[in-house]
Amino acid sequence: MSDSVQHAAGAGRTRDEKRLLASTLVGTTIEWYDFFIYAQAASLVFAPHFFKPLSADAPGVASLLSLATIGISFLFRPLGAVVAGRFGDRLGRKAMLVMTLIMMGAATALIGLLPTYAQIGVAAPILLIVLRVVQGFSAGGEWGGAALMAVEHAPLGKRGYFGSYPQTGVPLGLILATGVLWVISSSTSEEQFLAWGWRIPFLVSVVLIVFGYLVRRLVEESPVFQEMLDRKAHSSAPLQELFRSNTRNVVLAALIFVANNAAGYLVIAYFLSYGKTLGLSRPTVLLATIVGAVGWLVFTVYSGALSDRIGRVRTFQIGYAAVFVWMLPMFLMMGTGSGVLFALAIVVLSFGIGLSYGPMSAMYAEMFPAKVRYSGVSIGYAFGAILGGAFAPTIAEALTQATGSAYSVGAYIMVLSVISIIAVTMVREPRGADLNA
């Protein structure tokens, strides 16, 4: 099936295309809602609830440990990527998407029911970490499947645009997670929020998972994977074959993602704690995060379509240059202690984050051959997340405590931006590559 035939077929599949985009959008939004609720709770409430022995004498250390649990899950994302990649390449993208959705939702809901350290002692942080690991495993398998479902269904000239839909699940998940926290935080007292209010967003996941499952059941399997089934073109060892012939692209995919993921996790988690040190109220910082996430959403969709016109590599380069240039002015603006300027600073940052995230699905899909594509994009993405966002909030908090200045955090992201822009420049422009088996 040539790309032109796919395009022609896509012209008559408008209803299916809408169903596909809805599936990838809804599914990734729900999964990232679950993932980000944890990250934000780690910034706001987990230190006193689950790391109590350290809270009284060393609150800074307790906060670092709480933020570090965000990163622990990333260490298991490659395992999720390997498992989902192997079975996704063999059994289909759709089956793995449904499985990871259910696993993520179950772990999230159980966190909302978890007793605290005061109730069950050291078992509380241990169980919290175990459930976070399950979240990480699920997230490792989620993104690659959603990205390929969107890109492999897309007409040739709209891969970037179609591929931006699962990417928007990140800012939409952030908007949803932060919005729920903002409503609860604004409608409860400090004591009520710390006692039981923080649990509500985790329990809401049960409803979202049911909705996402119903939507994903309606989507047909990827046409490229179906062609592979017809040709019996499975690889007996897709992971082995991936690294035998595509190691360079896996490494480049990981390094391309590093700076974007680290900068994104400043918005997702670090700014919540940093805003408190500036004297901003929790609802103010949450509202600023929502505003910034809206900008992230807009620029992600825009950049996917932009990459269809000017290329994936050029779009990434513009995005990372913007992140690099904005780092120090951003912290200068935030340092004023104004809630409005704090929100505006995040919005401007979202331009660079969006442009270096929207084209990712399409570019990664075009970098790998079909029979190892799921494994390639998932593993590259997972390792990039470990090197980038896994411990970015922890590193940022440690740098702030050690130097007494947030400018050190800006310098840290600038170094990562240089690494990612070099990596993406080493990729031969993949736009328009043949995606067929």
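Mentor: On a 1 Å grid over the protein atoms alone, a cavity is a set of points where a 1.4 Å probe fits but cannot get out, a pocket is an open set with protein on both sides within 12 Å along at least five of seven lines, and lining residues have an atom within 4 Å of a point. Here, 13 residues line the largest cavity, and Val170, Phe257, Asn261, Tyr265 and Tyr381 lie nearest its centre. This is a predicted model, in which local features need pLDDT of at least 70 and side-chain atom pairs count only at pLDDT 80 or more, while totals for chains, interfaces and linings use all residues. Residues are numbered from 1 along each chain as its sequence is written, and side-chain values use heavy atoms, with hydrogens and water left out.

Trainee: What volume does the largest cavity have?

Mentor: A volume is the space filled by probe spheres set on the points, with grid points joined across faces, edges and corners. For the largest cavity that is about 90 Å³, and a search of the whole structure finds one cavity of 30 Å³ or more.

Trainee: Which helix gives the most to the lining of the largest cavity?

Mentor: Helices (H or I, at least four residues) and strands (E, at least two) are DSSP runs, numbered from the N terminus. The protein chain has 22 helices and zero strands. With six residues, α15 gives the most to the cavity lining.

Trainee: How do the residues of that lining divide by class?

Mentor: Ala, Val, Leu, Ile, Met, Phe, Trp, Tyr, Cys and Pro count as nonpolar, Asp, Glu, Lys and Arg as charged, and the others, Gly among them, as polar. The cavity lining has nine nonpolar, three polar and one charged residues.

Trainee: And the largest pocket: how much space lies in it?

Mentor: About 200 Å³. It is lined by 14 residues, and Ser43, Ser63, Ser273, Lys276 and Glu397 are the closest to its centre. Helices α2 (14-44), α3 (46-50), α5 (59-72) and α15 (247-277) each supply at least two lining residues. By class, the pocket lining has seven nonpolar, five polar and two charged residues.

Trainee: How many aromatic pairs does the structure hold?

Mentor: Rings of Phe, Tyr and Trp (its six-membered ring) pair if their centres lie within 6.5 Å; planes under 30 degrees apart count as stacked, over 60 as edge-to-face and the rest as tilted. The structure holds 18 such pairs. The rings of Phe46 and Trp198 have centres 5.7 Å apart and planes at 90°, so they are edge-to-face. Phe46 is in α3 and Trp198 in the loop between α11 (190-195) and α12 (200-216), so this pair ties together parts 152 residues apart in sequence. Phe46 is buried at 0% relative accessibility, and Trp198 is buried at 2%.

Trainee: Which residues do ring pairs link into a cluster?

Mentor: Tyr38, Phe46, Phe50, Trp198 and Phe202.

Notes:
Buried < 20%, exposed > 50% of the residue type's maximum accessible area, 1.4 Å probe, protein only.
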